[in-house]
Amino acid sequence: MKVGRIIDGKAFAAGLREQVATGVQSFVAQAGRKPGLAVVLVGEDAASSVYVRNKGKATLETGMESMEFRRSATISQDELLELIDELNGDDDVDGILVQLPLPDHMDDKAVIAAIDPAKDVDGFHVVNAGKLAVGEDALVPCTPLGCLMLLKDELGDLDGLEAVIVGRSNIVGKPMAQLLLKENCTVTLAHSRTRDLASVVHRADIVVAAVGRPEMVKGDWIKPDAVVIDVGINRVAGKEGGKPTLVGDVAMSEALSHVRAITPVPGGVGPMTIAVLLRNTLVAACKRAGLSPPEGL
Ligand code: NDP
């Protein structure tokens with residue numbers, strides 16, 4: 001039986017981080033300072049706290065400056081906006097990331113809107129979303145940009161390919177669609193109201209699943225030799241009371257005999273997200289300093 005290739009996102013991300021580290025050295029030589037990433041965490045959510053710690057560690061490993069701002073869940077939105085304002089005005093800060101979700105009494109949109117678009121390394125600000133939509137140079141959300149890098153590495157030129165993205169969120173599905181349109185794919189954005197999802201997915205050369213439902217995309221939905229990018233991260237109960245495990249949105253074991261290549265969960269898209277965050281921080285720093293970002297990033 002034919003078995004598709006498993007895309008090693010961890011290895012690709014490690015290569016990207018090395019490229020960023022080299023770019024950081026050249027930035028320091030030219031600008032006389034390190035690029036800086038400020039990460040803001042409000043509240044004590046355990047998962048968010050781990051993400052923030054990992055981001056800080058990865059930032060330092062590339063030679064950049066990492067700044068962490070931890071605030072209690074009880075601070076007011078105005079206090080958070082004041083902090084963002086300070087970071088916007090701080091010349092040593094090139095990237096600002098506010099870890100989501102924020103506590104219920106805060107409006108995520110208003111907080112993101114307060115970030116200087118030139119420092120919006122998550123690419124969530126409407127200015128960056130708008131620029132991406134009209135084809136202007138923008139800071140692009142990390143996860144979809146990471147998916148695009150993996151797709152180009154696997155397929156080379158994407159021109160004319162049929163791409164189906166399942167999920168239309170502002171942070172994954174929609175920017176993914178914009179990026180693939182820019183690569184001249186024919187793009188379909190599927191969602192919870194899509195009729196006959198199986199046959200929509202079956203016409204795709206490229207499938208990007210970003211839904212948040214364990215193994216929802218079945219193996220026989222996938223066209224032979226399609227490339228599948230599984231963005232989903234779902235924690236499911238372990239068998240017979242064992243430890244919980246992570247699975248994607250695609251039924252991996254079924255899909256393997258259909259695909260040309262597929263990203264695993266974990267070890268596929270996940271490691272790319274942090275690597276692209278570092279890449280975006282370096283790119284933002286270069287633009288702010290009037291330097292060209294390193295080639296190939
Ligand atoms: P959202 O919940 O914001 O969006 C989910 C999308 O899936 C929505 O557009 C929804 O449609 C669609 N959907 C839900 N049910 C169905 C269904 N039965 N059939 C078709 N479409 C459906 O999720 P995110 O985009 O934030 O995240 C998606 C997944 O990716 C999650 O598992 C998340 O954990 C993971 N993720 C992973 C990252 C990484 O670094 N690897 C980063 C970001 C996310 P509708 O709009 O109609 O409601």
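Mentor: One term before we start: contact means heavy atoms within 4.5 Å. This is a predicted model, where local features need pLDDT of at least 70, side-chain atom pairs count only at pLDDT 80 or more, and totals for chains, interfaces and linings use all residues. Residues are numbered from 1 along each chain as its sequence is written, and side-chain values use heavy atoms, with hydrogens and water left out.

Trainee: What is alanine 110 in contact with, leaving aside neighbours within four places in sequence?
Mentor: Gln77 and Leu81.

Trainee: And which helix is alanine 110 in?
Mentor: Alanine 110 belongs to H4, residues 108–113; helices here are DSSP runs of H or I, at least four residues, numbered from the N terminus.

Trainee: How far is alanine 110 from valine 227 in space?
Mentor: The C-alpha to C-alpha distance is 37 Å, and in sequence the two are 117 residues apart.

Trainee: Why is alanine 110 called partly exposed?
Mentor: Because its relative accessible area is 28%; buried means under 20%, exposed over 50%, and partly exposed in between, with a 1.4 Å probe and protein chains only.

Trainee: Different topic. Which residues form the positive surface patch?
Mentor: Lys109, Arg168, Lys174 and Arg193.

Trainee: Where is lysine 174?
Mentor: In helix H7, residues 173–182. Lysine 174 is partly exposed, at 38% relative accessible area.

Note on methods: Patch = residues over 30% accessible without salt bridge, like charges linked within 9 Å, V, L, I, M, F, W, Y side chains within 5 Å. Areas by Shrake-Rupley, 256 points an atom, 1.4 Å probe, with all protein chains shown as cover. Salt bridge = Lys/Arg side-chain N within 4 Å of Asp/Glu carboxyl O. Lys, Arg positive; Asp, Glu negative; His and termini not counted. Charge placed at Lys NZ, Arg CZ, Asp CG, Glu CD. Helix = DSSP H or I, 4+ residues; strand = E, 2+ residues; numbered from the N terminus.
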